[in-house]
Amino acid sequence: MSLRELTILGCGSQQHTRDRNHNAYLLRWKTEGFLFDPGEATQRQFIFAKIAPTAVTRIFVSHFHGDHCLGLGAMILRLNLDKVPQPIHIYYPESGKRYFDNLRYSSIYTQTITIVEHPVKVSKEMTLVDETEEFLIYGSLLNHGIDCIGWRIQEKDTRKCIKEKLKEKGVHGPMVKELLDKGVVVTEHGRVDLDDVSYVKPGDSVAVVIDTLKCAQAVELARDVKLLLIESTYLDSEKELAENYKHMTATQAAQIASEAGAKKMVMTHFSARYSEEEVFELEARHHFTESYAAKDLRTFTF
Ligand SMILES: [Zn+2]
Ligand SMILES: [Zn+2]
């Protein structure tokens, strides 16, 4: 199976702590390296994670609060220094164009790489933002007081051939390609339809819901996902603070995962007031068993 791994480069919120960097999450899946919310010092976290920044193919900025974007300029410089051959796609809320430009052009350098900007017009309807050969990328406006986008990365359905059936029906060599292209092929056994020897494997999905109050859009983004990366800035004991600052508690994050039918939830964006991440797992598991707390440099597979 191809690589399917989420690496937590930072799981802090507004303030760094000794053990938590600002946000930054790298989702490596098939040929893509999706980097979400590169907060300050993301570039350095790649070194600690022993991952080459050249793995990055697409960067997503949910919103322009500093803990989600201050590392963007440095990441662009780094990719430039490494002369990455692939174009780097960057998605961000359209209304933050000014901040994007400030970050992109924050220092002197000669651009050697191709950057494809995707200023995203946000609405509370989940909308298709981009489509690649392998994935559909959706976005939806969250509820954080400013434009802030939640993402859903959906793998496209793929057709899988069943070896034994191909053999049984006498389909081999270039005939396989012909069958895949045309949907039908004639062998010494007669006509063979694609459905006779193959099946459609539905694609998996991952959602990223960071910086928001509990909202219906979060549930929609996370519907049946294999992995939900979600903010849980506070515990339920501080739910008034969460409400005031437009964030969520571990309980609320777990309720979203449960309502959405997610398979696994990873909580992040922890307030500096908590020194242990485990307290989030303890609280969330009352509502959703497959709850895990992020930790800097921890990886999750799905
Ligand atoms: Zn934040
Ligand atoms: Zn924020």
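In this predicted model, the centres of domain 1 and domain 2, taken over C-alpha atoms, sit 42 Å apart. Domain 1 is built from two stretches of chain, 4–157 and 202–301, while domain 2 takes up residues 159–198.

Now for the sheet. Seven strands make up an open, mixed sheet, and reading across it gives the order β6-β5-β4-β3-β2-β1-β18. The edges belong to β6 (115–120) and β18 (299–301); each has a single partner strand, so one side of each is left without a neighbour in the sheet. Going from one strand to the next, the twist averages 20 degrees.

Strand β3 is a handy place to look at how the pairing works out. On one flank, β3 (residues 32–36) runs antiparallel to β2 (residues 24–29), with five bridges joining the two. Within that pair, Leu26 stands opposite Leu35 of β3. The hairpin of β2 and β3 has two residues between the strands, and Lys30 takes a positive phi near 50 degrees there. With β4 (residues 58–60), β3 pairs in the parallel sense instead, over three bridges. Here Phe36 is found opposite Phe60 in β4. As a general point, strands of a sheet pair through backbone hydrogen bonds, and they can do so either parallel or antiparallel.

How much of β3 is buried? Five of its five residues are, so the strand is largely enclosed by the rest of the structure. The cover extends to both faces: Glu32, Phe34 and Phe36 are buried on one side, and Gly33 and Leu35 are buried on the other.

Together, β3, α1 and β4 make a right-handed β-α-β unit. Helix α1 (residues 42–49) lies across β1 (4–10) and β2, and it runs at about 125 degrees to β1.

Elsewhere, helix α3 (residues 97–104) contains Leu103. This leucine has 22 C-beta neighbours inside 10 Å, and a residue needs 20 or more to qualify, so Leu103 counts as buried. Leaving aside neighbours within four places in sequence, the contacts of Leu103 are Cys69, Leu72 and Gly73. Gly73 is 30 residues away from Leu103 in sequence, yet their C-alpha atoms are 4.8 Å apart in space.

The largest has 74 residues, and the ones touching the most other members are Val209, Ala222, Leu228, Ala253, Ala257, Met265 and Met267. Helix α9 (residues 250–260) supplies the largest share of this core, namely six residues.

Notes
Residues are numbered from 1 along each chain as its sequence is written. Chains are lettered from A and ligands numbered from 1 in the order in which they are written. This is a predicted model: local features need pLDDT of at least 70, side-chain atom pairs count only at pLDDT 80 or more; totals for chains, interfaces and linings use all residues. Two strands pair if DSSP finds at least two bridges between them. Helices (H or I, at least four residues) and strands (E, at least two) are DSSP runs, numbered from the N terminus. Axes are lines fitted to C-alpha atoms, for helices over the stretch in contact, and angles run from 0 to 180 degrees between N-to-C directions. Two residues are in contact if their C-beta atoms, placed from the backbone, lie within 7 Å. A residue is buried if 20 or more other C-beta atoms lie within 10 Å of its own, exposed if 12 or fewer, and partly exposed in between; C-beta atoms are placed from the backbone. A nonpolar core is a set of buried Ala, Val, Leu, Ile, Met, Phe, Trp, Tyr and Cys residues joined through C-beta atoms within 7 Å. Domain bounds come from an automatic or database domain assignment. A crossover is right-handed if, with the strands pointing away from the viewer, the path from the first strand over the helix to the second runs clockwise.
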